[in-house]
Amino acid sequence: MTGILKQFRWGSAQAGVSLSLAASAWLLSGLTDSPLLNSLLPALTTLPALLHLQRRANGFVLEFSSVLLLVVLCSPLANNIPPTLTIASVLLAGLVIALGQDLSQLPIQQELLSNTRVSFKQLRQGTELGALAGFALTGLIKPGWHQFIPAALLLLPLLPTVVLAGSSSLTKIPVPSFNPRAALQGLIFGGFFALLPLWVRTISTGNCFNFGVVLVAYGIGRSLINTTPTQPAWRLYGLIAILLFAGPWLPGWMTTALFLPVGILAAGTDRQIVEHISPTDPATGWQMLQRSGAIGGLVGVIAMGIVAQLIGLPFTLLFQLALFAAAPLLFKATL
């Protein structure tokens with residue numbers, strides 16, 4: 001199997017996961033307008049990263065099964081399911097998808113990297129481009145079970161690799177160290193994106209297509225890995241705050257377009273943190289950013305959900321923008 005084919009299989013699966021989670025977030029925002037309940041989905045999807053479980057490639061089966069559950073849940077056959085049960089099922093499916101991804105990601109990556117010309121950088125590019133494809137499909141496909149069927153199909157190309165990696169289980173994977181700066185990064189960005197579907201639906205009065213286009217613009221920005229800026233942190237975070245503040249005052253297409261530079265700036269802040277954590281070993285730095293960011297993200301999504309429940313979405317957005325602007329000062333306080 002060539003490296004390009006392996007990169008395609010990996011990217012296809014990432015597209016399926018991003019489509020599943022983005023479609024679930026939009027589905028949940030239509031079932032309930034409670035910010036707290038909406039924030040539970042991203043909170044649950046970050047939870048598995050905190051667990052030190054034995055990594056196995058067959059955890060991929062959990063991802064695939066959960067997407068199939070969402071297909072059935074949203075199909076015309078399930079019209080009589082009570083909304084409360086549907087909400088609970090969507091939350092559970094999101095948790096299991098994230099759990100399966102966390103369990104299987106490292107064994108599958110090791111299988112893809114073994115005896116091939118594919119590099120870790122290529123897998124990261126496949127991750128970003130796959131997520132971008134999933135976001136695009138979120139906006140282009142009719143909401144509901146129509147979105148989850150292609151999500152399941154996108155997972156299928158990775159199954160041969162899962163079978164090959166299934167015989168090896170990683171029992172002694174050290175848990176990445178905790179990094180306060182990475183955790184704060186997860187808190188700030190996690191809190192913002194936890195409520196993004198509600199902001200698009202209520203403040204911007206948008207639909208699922210608008211939500212998907214926003215994610216696509218952000219994903220395009222993040223996928224430009226080789227063009228991320230190397231500006232001071234205060235400038236990167238300050239520009240993000242300014243762009244997001246200007247969004248509600250601009251026409252809809254301009255607000256959407258702003259998420260492209262936001263994605264570029266966000267990727268730049270991630271790279272700065274990785275270089276700060278581990279200047280000579282980016283793979284280790286990304287693992288620490290992922291785990292510590294998940295811890296901070298869990299706190300951020302719950303906190304923002306509670307704040308929005310108490311003071312409303314518009315005031316919560318202003319509070320969130322203040323966090324972006326103050327991020328460099330907060331980072332200094334963690335040193």
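1. Residue classes come first: Ala, Val, Leu, Ile, Met, Phe, Trp, Tyr, Cys and Pro count as nonpolar, Asp, Glu, Lys and Arg as charged, and the others, Gly among them, as polar. By that scheme the lining of the largest cavity has six nonpolar residues, four polar and one charged.

2. This is a predicted model, where local features need pLDDT of at least 70, side-chain atom pairs count only at pLDDT 80 or more, and totals for chains, interfaces and linings use all residues. Numbering runs from 1 along each chain as its sequence is written, and side-chain values use heavy atoms, without hydrogens and water.

3. Among the residues that line the largest cavity are Trp10, Phe60, Glu63 and Leu158. (A cavity is a set of points on a 1 Å grid over the protein atoms alone where a 1.4 Å probe fits but cannot get out; lining residues have an atom within 4 Å of a point.)

4. There are two salt bridges (a side-chain nitrogen of Lys or Arg within 4 Å of a carboxyl oxygen of Asp or Glu). Glu128 pairs with Arg222, with closest N and O atoms 3.9 Å apart. Arg222 also pairs with Asp270, at 2.7 Å between the closest N and O atoms.

5. Arg222 is buried at 13% relative accessible area, and Asp270 is buried at 11% (buried: under 20% relative accessible area, 1.4 Å probe, protein chains only). Shared partners join Glu128, Arg222 and Asp270 into one network.

6. Leu244 is in contact (heavy atoms within 4.5 Å) with Phe192, Phe259, Val262, Leu321 and Phe324, leaving aside neighbours within four places in sequence.

How values were computed
1 Å grid on protein atoms, 1.4 Å probe; cavity = no way out; pocket = protein on both sides within 12 Å on 5 of 7 lines; lining within 4 Å. Buried < 20%, exposed > 50% of the residue type's maximum accessible area, 1.4 Å probe, protein only.
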